[in-house]
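I opened my notebook beside the structure and wrote down what I looked up. Come along if you like.

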Amino acid sequence: MTDLPLAISMGDPAGIGPETVMRALIERPALRERVVVLGDVGTLHRAAHLVAPAGPPVLAELSAVADAATRPPGAVALVQVGEALPALPWGTVSAQAGRAAAAAVRAGARAVLAGQARALVTAPLHKEALAAAGEPFPGHTELLQALAAEHLGVAIDAVPVRMMLSAPGLATVLVSIHVALREALDAVRAPNVLQTVRITHAHFRRMGLARPRIAVAGLNPHAGEGGLFGREEIEHIAPAVAAARAEGIEASGPHPPDTVFMRARQGAFDVVVAMYHDQGLIPVKLLGVEHGVNTTLGLPFVRTSPDHGTAFDIAGQGIASADSLLAAIEAAAAASALSA
């Protein structure tokens, strides 16, 4: 499996995804032999000339990911997904861009599920563009969950997934993802917390940790202070931790959320389970989005993404860094090698 290429979806064609993909493959020529980029070939050509105005590397259009071995030496392999796009304006939300971005993700995931690629790396989507395109999913995580369920022939709920964001020194997994904060509070229930701990434990075991140390954050200030500031810790989080420990999982908590991420970074834990999106993502992003990686846990394949969005404010200027995308590529390569 490790001789298969990594599939990279281009992201929203009006954002920085295409240019960061091209920059990554220009800055790291050795990666060209290991990846295939899926999306709109015209958009990717435009991005390549944007980041390498003196002349980009050879861009070779293939019919399918399965043809990766036929690329010319040193060329960047591209696969056109869907109809060719016009030159869309940079930094603009459009249904056309959202539709093309989602199509590239679907094509990349299906290539991995068909055994044509070893893992999927996704450049950033724009959620408003997805909505404008009529996509029923708010982001990558939910879309990939649905594709995995379709492939396995099961209901979506039968493929529980979680988002993990990691940077050097800190990894955090979320109980809930892209929902309103009020809904996220309602999701702090013992079954959801326990399922998140189980998924986290299974992932880190596959990554080679025999007994991953999982810290479970509380929801309320000071982890509820014995019920003074809320009862979620008593009624839901602590019972989930106890159930996980009964299964042999090295989970602890609920820990005060204002200190647990600091303790994890100091080496006390391997990963923190956070109760909602911003609780877990703010600490990781504070360490620097240039090294952050988003990994979807629970899928039947490896998927990673850079820790930033479409950055419409700088799209088309040729100044976007590829560092986070490069980190995501290396993470996908490492995880898929261990999962092989």
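**Ground rules.** I am working with a predicted model, where local features need pLDDT of at least 70, side-chain atom pairs count only at pLDDT 80 or more, and totals for chains, interfaces and linings use all residues. Residues are numbered from 1 along each chain as its sequence is written, and side-chain values use heavy atoms, with hydrogens and water left out.

**The sheet.** I started with the strands (for strands, DSSP E runs of at least two residues; for helices, H or I runs of at least four; both numbered from the N terminus). I found 12 strands in an open sheet with mixed pairing, in the order β3-β4-β2-β1-β5-β12-β11-β6-β7-β10-β8-β9. Pairing here asks for at least two DSSP bridges between two strands. Which strands stand at the edges? They are β3 (59–62) and β9 (251–255); each has a single partner strand, so one side of each lacks a neighbour in the sheet.

**Two parallel pairs.** I looked up β1 (residues 6–9) and β5 (residues 119–122), which pair in the parallel sense over 4 bridges. L6 has A119 of β5 as its bridge partner. Then I checked which helices pack on the sheet. Helix α1 (residues 17–27) does, touching β1, β2 (35–39), β3 and β4 (76–80), and its direction makes about 160° with that of β2. Helix α10 (residues 277–286) packs on the sheet too, touching β6 (162–167), β7 (170–174), β8 (214–217) and β10 (271–274), with its direction at about 165° to that of β7. Touching, or contact, means heavy atoms within 4.5 Å.

Next I turned to β8 and β9, which pair in the parallel sense over 3 bridges. I214 has A251 in β9 as its bridge partner. With α8 these strands make a right-handed β-α-β unit; with the strands pointing away from the viewer, the path from the first strand over the helix to the second runs clockwise.

**α7 on α8.** At what angle do the axes of α7 and α8 cross? I noted roughly 40° for α7 (residues 190–206) and α8 (residues 232–246), whose axes come within 8 Å. The two helices are therefore oblique to each other. The scale is: under 35 degrees roughly parallel, over 145 roughly antiparallel, 65 to 115 roughly perpendicular, and the rest oblique. A190, V193, L194 and V197 of α7 meet H236, A240, A243 and A244 of α8. I sorted this contact into 7 nonpolar, 1 polar and no charged residues. Ala, Val, Leu, Ile, Met, Phe, Trp, Tyr, Cys and Pro count as nonpolar, Asp, Glu, Lys and Arg as charged, and the others, Gly among them, as polar.

**α1 on α2.** I found the axes of α1 and α2 (residues 41–51) within 8 Å, crossing at roughly 60°. That makes α1 oblique to α2, and the crossing is right-handed. P18, E19, M22, R23 and I26 of α1 make the contact with T43, L44, A47, A48, L50 and V51 of α2. I counted 8 nonpolar, 1 polar and 2 charged residues there.

**α3 on α5.** The axes of α3 (residues 95–113) and α5 (residues 140–152) come within 10 Å and cross at roughly 40°. On the α3 side I listed A102, V105, R106, A109, R110 and L113, which meet H140, L143, L144, L147, E150 and H151 of α5. By class, this contact has 7 nonpolar, 2 polar and 3 charged residues.

**Backbone details.** Where does a cis peptide bond turn up? I found it from G253 to P254, with omega near 5°, and P254 is in β9. I also stopped at A223, whose phi is near 55°, a positive value in a residue other than glycine. A223 lies in the loop between β8 and α8.

Notes. Axes fitted to C-alpha atoms, helices over the stretch in contact; angles between N-to-C directions. Left-handed = near helix turned anticlockwise from the far one by under 90°.
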